[in-house]
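Dear colleague,

I am handing over a structure for you to look through, and my notes on what was found in it follow below. Please keep the structure open beside you as you read.

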Amino acid sequence: MHDDMKRVADIAVPVERAKAAIDLMATYQGWVLELSRIRREAIEEAQSAGMTQSEIASHLGVSRGRVGQLASAGPPPERVFFGTDLVTVSLGGKTEAGKEPEQNPSAVVVREDLDNFEHLRKLLGGMKLESQYEVIPPTGIVNLNRENHVVICGPRLSPIVAQVLEGDHNLRFEKDQAWHLVDQKTGETYRSPMDEDGSAGDFGYLGRLPRLDGRGTFLYIAGIHAIGANGVVHYLEHHLAELYREVRTRRFSTLISCRYDPETLEVLESRRVTPLYRHES
């Protein structure tokens, strides 16, 4: 820390020194926010293990009332499920309708995925995380080797994502007359009600998958149809804390079912239909 401040203080050009100071302050503020989350989680864990607030206060050298304040100060522990800094949400893009390849068509994002980003933006904002989205081009090429990254894109739109998904030996997308999801442990097949009888329901995949560089993970969301991803996001909005308690930031995958309003495309209900399959021992 001292070396960082000295480096900034030694910058000769005033405006560059000011900019460097602003950047360093933002970095430190991010660290303070994450440390307050870690502190809150540690106090919650101590209480869950049976320690009283008085005992915790004695160990920390603060008053019992201060422990109560610290237990609710800072972001919730489950914030780290998404990351510790600006979260990038990659949305699968499709070729603009009516355009030929030689016309350099732009990638467009379906309404459901834009709704997903808006829901995630609000969820993340409530945990003091900023977010941005990017569109995966029709080639399906996306950089998976990043921190704080969420990918919402079906495997049929991205060969890179499809390749990573092959490493999940518990759940997978398959296609015969229609795309569907399969639980390879139980043999159960999950077909979208939209394809079966046209009813307003779908299934989605939720998992934390390995980056290609082997240096971390990314959060992955996809539905059999686009609305299935909305069901996953709805599930995260309502079950994030309990999901985090189960898997923390370790690799996992599970399937989510959803029911939605066919007129507004608003998800009305979501629930987990498979176990939380851990990918690590």
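Two residues are said to be in contact when heavy atoms of theirs lie within 4.5 Å. Please also bear in mind, before reading on, that this is a predicted model.

Glutamate 78 itself is found in the loop that runs between helix 4 (64-70) and strand 1 (87-92). Although glutamate 78 is buried, it has no salt bridge, and the nearest side chain of opposite charge, that of arginine 245, is 6.1 Å away.

The aromatic rings come next, and the count of aromatic pairs comes to eight. One of them is formed by phenylalanine 81 and phenylalanine 252, whose rings are tilted, with 6.1 Å from centre to centre and 40 degrees between the planes. Since phenylalanine 81 lies in the loop between helix 4 and strand 1 while phenylalanine 252 lies in strand 11 (residues 252-260), the pair ties together parts that are 171 residues apart in sequence. Both phenylalanine 81 and phenylalanine 252 are buried, and arginine 208 lies over the face of phenylalanine 81, at 4.8 Å from the ring centre. Elsewhere, ring pairs link Phe173, Tyr205, Phe218 and Tyr220 into a cluster.

There is also an open sheet to find, made of three strands in the order 6-7-8 with antiparallel pairing. Strand 6 (171-175) and strand 8 (189-190) stand at its edges and have a single partner strand each, so one side of each is left without a neighbour in the sheet. Between strand 6 and strand 7 (residues 179-183), the antiparallel pairing runs over five bridges, and leucine 171 has aspartate 183, in strand 7, as its bridge partner.

Finally, please look at proline 210, which lies in strand 9 (residues 201-210) and is partly exposed, with a relative accessible area of 25%. Not counting residues up to four places away in sequence, proline 210 touches Val164, Gly216, Thr217, Phe218 and Arg251. The C-alpha atoms of proline 210 and valine 267 are separated by 29 Å, and these two residues are 57 residues apart along the chain.

Conventions
Residues are numbered from 1 along each chain as its sequence is written. This is a predicted model: local features need pLDDT of at least 70, side-chain atom pairs count only at pLDDT 80 or more; totals for chains, interfaces and linings use all residues. Side-chain values use heavy atoms; hydrogens and water are left out. Helices (H or I, at least four residues) and strands (E, at least two) are DSSP runs, numbered from the N terminus. Buried means under 20% relative accessible area, exposed over 50%, partly exposed in between (1.4 Å probe, protein chains only). Lys and Arg count as positive and Asp and Glu as negative; His and the chain ends are not counted. A salt bridge is a side-chain nitrogen of Lys or Arg within 4 Å of a carboxyl oxygen of Asp or Glu. Rings of Phe, Tyr and Trp (its six-membered ring) pair if their centres lie within 6.5 Å; planes under 30 degrees apart count as stacked, over 60 as edge-to-face and the rest as tilted. A charge sits over a ring if NZ of Lys or CZ of Arg is within 6 Å of the ring centre and within 35 degrees of the ring normal. Two strands pair if DSSP finds at least two bridges between them.
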